[in-house]
Amino acid sequence: MKILLATAELHPFSKTGGLADMVAALGKSLAAAGHDVVMMTPLYRGIRARFKEDLHQLDYDIKVPMGTAEAHGGIAELRLKKNLRVLFVDQPAYYDRPALYGENNTEYPDNPERYIFFSKAVAHVVRYFGWRPDVVNVHDWQAGLIPVMLKHSALMDGWDAPATVLTIHNLAYQGHYSKARAFDLSNLPMEFFNPAGIEFYGGVNFLKAAIVYSDAITTVSPRYAREICTEEYGCSLDAVLRERQHRLTGILNGVDYDEWNTTKNLHLHNPYSPRNMRGKALNKLELQHELGLPPNPGVPLFGTVTRLADQKGVDIILGMLEEMLAKDMQFALLGSGDPEIQTAYKRLEQRYPDKVCARIGFDLGLSHRIEAGCDFFLMPSRFEPCGLNQMYSLRFGTIPIVRRTGGLDDSVVDPRDDLDLADGIKFNEFSVSALSKAVRKALVVFEHRELFDRMRKNGMTVDFSWDRTCGEYERIYRSVAKAI
Ligand code: ADP
Ligand code: GLC
């Protein structure tokens, strides 16, 4: 099949979270399975400089209306493998900026315009580039208008537009903007602007548009697929999703073990494996040293790497630490986001310099070293569509402590579920006390070496490789693609 993936983030070019990892790995595994894959994403600042050897500007001009004005863009191509390439949408006024979506915790005001342009550019390539995909898989709200743009263009000009699939990575981010900021730039006719179409409470909702106009919808874990159809987790789109539930499938993400492994990892000094864990012990000591915590193999080290956002339960981690730090334990955080939460962690670090280290920022190398050097990884999310970090932790022999929600529930086994296969600690209620109780359990597990070792080994040998995930996406694509 010819498959086009459209995404606002793509590892290793741009990343704020798991979306970047997931789409990069999906593209790679589809190409390895023999498909012809193109990934489209914006050419953000810095990409040209970092990849200048491999990036080629194509002789291709995108010219699209943006309301009453006209916008131009180019395409830069990067071939990753024979049947895997990236087409970057090159439009410096929109994408050559210090950050992807905003600065100082404030969104860029023209984000709707930036991603309407992106959607139009993708639709333009689908139609005119000379490589016609069988399926276009759009990811998250930023690419959400692509299905409706394709549908509209096919209706207008009578061409055979490809089938479309939406993948929801996070229902909490929808791209909901006023009519003036979004619809008026879309150049879509009024008949799309109604409650059965892309309208949402008088404005435009990009994600809703994709839910309504895609031929199939996937999300990133089976449990999240069920959750988002309920009022509790539906972020006001549950009714729209229930209507399309027969088209909705939950597919657990895979892990790219070429990147996230403990034996050949550029970010780790000491390789290790289930049979030889000495390297892990050394990584722990080095991590403690790097973070300014007293190096000590006997102290349980808890860690987390996260966006500092409401979703991630970083508030209940703070509460839990207040309750638990009297115990002999250490805690390391790498994260960025909400300025108040950043400050709260920094304050805690000042109060407990021998027990807490809070690194504010985005640091790929350190994220690997935290995964490798800690004993336990905290992920007490309010909701979690899939979550990649807990799966990375499992492979790194770092026992995840997770709330039973979304993909966390689908990927971790608690001793109460199966004592022999247990590889993590799960708790139900979203509260400081439930998390503290889970951490107390972890401290007990840490003392029971035999159980601790077994859980680590179970986690390290569980297999979330992309073959399974890729097969499920292929099945969905086949079900919607015309005549394949
Ligand atoms: P989400 O996509 O909701 O943020 P995931 O667990 O799916 O959650 O993926 C998060 C990804 O982002 C992981 O690869 C994680 O290592 C990475 N990440 C998050 N925050 C940081 C940070 N501050 N520095 C480096 N990597 C980070
Ligand atoms: C989103 C979700 C996360 C998921 C990631 C990749 O950012 O919050 O749970 O793992 O996308 O699909």
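What is the handedness of the crossing of α10 and α13? It is left-handed. By that I mean that the near helix is turned anticlockwise from the far one by less than a right angle; clockwise would be right-handed.

Some ground rules. This is a predicted model, where local features need pLDDT of at least 70 and side-chain atom pairs count only at pLDDT 80 or more, while totals for chains, interfaces and linings use all residues. Residues are numbered from 1 along each chain as its sequence is written, chains are lettered from A and ligands numbered from 1 in the order in which they are written, and side-chain values use heavy atoms, leaving out hydrogens and water.

Back to the helices. Helices here are DSSP runs (H or I, at least four residues), strands likewise (E, at least two), numbered from the N terminus. Helix α10 covers residues 278-291 and helix α13 covers 364-373. Their axes come within 8 Å and cross at roughly 125 degrees. The axes are lines fitted to C-alpha atoms over the stretch in contact, with angles from 0 to 180 degrees between N-to-C directions. So α10 and α13 are oblique to each other. Oblique is what remains after under 35 degrees (roughly parallel), over 145 (roughly antiparallel) and 65 to 115 (roughly perpendicular).

Who touches whom? Contact means heavy atoms within 4.5 Å. From α10 come Lys-280, Asn-283, Lys-284, Leu-287, Glu-290 and Leu-291. They meet Leu-366, Arg-369, Ile-370, Glu-371, Ala-372 and Gly-373 in α13.

Now the ligands. A residue is near a ligand if one of its heavy atoms lies within 4 Å of it. Ligand 1 has 22 residues around it, and Lys-15, Gly-18, Arg-307, Lys-312 and Gly-361 come nearest. Polar contacts are pairs of N or O atoms within 3.5 Å. A polar backbone atom of Gly-18 sits 2.6 Å from an oxygen atom of ligand 1. For a polar side-chain atom of Arg-307, the distance to a ligand 1 oxygen is 2.8 Å.

Ligand 2 has 13 residues around it. The nearest are His-169, Asn-253, Glu-384, Cys-386 and Gly-387. Asn-253 places a polar side-chain atom 2.8 Å from an oxygen atom of ligand 2. Gly-387 uses a backbone N or O atom, at 2.7 Å from a ligand 2 oxygen.

Last, two backbone details. Most residues other than glycine have a negative phi, and most peptide bonds are trans. His-11 and Pro-12 are joined by a cis peptide bond, with omega about 5 degrees. Pro-12 lies in the loop between β1 (2-6) and α1 (18-32). Asp-140 is not a glycine, yet has a positive phi of about 65 degrees.

Conventions:
A polar contact is a pair of N or O atoms within 3.5 Å; within protein, one must be able to donate a hydrogen and the other to accept it, and residues adjacent in sequence count only if both atoms are side-chain atoms.
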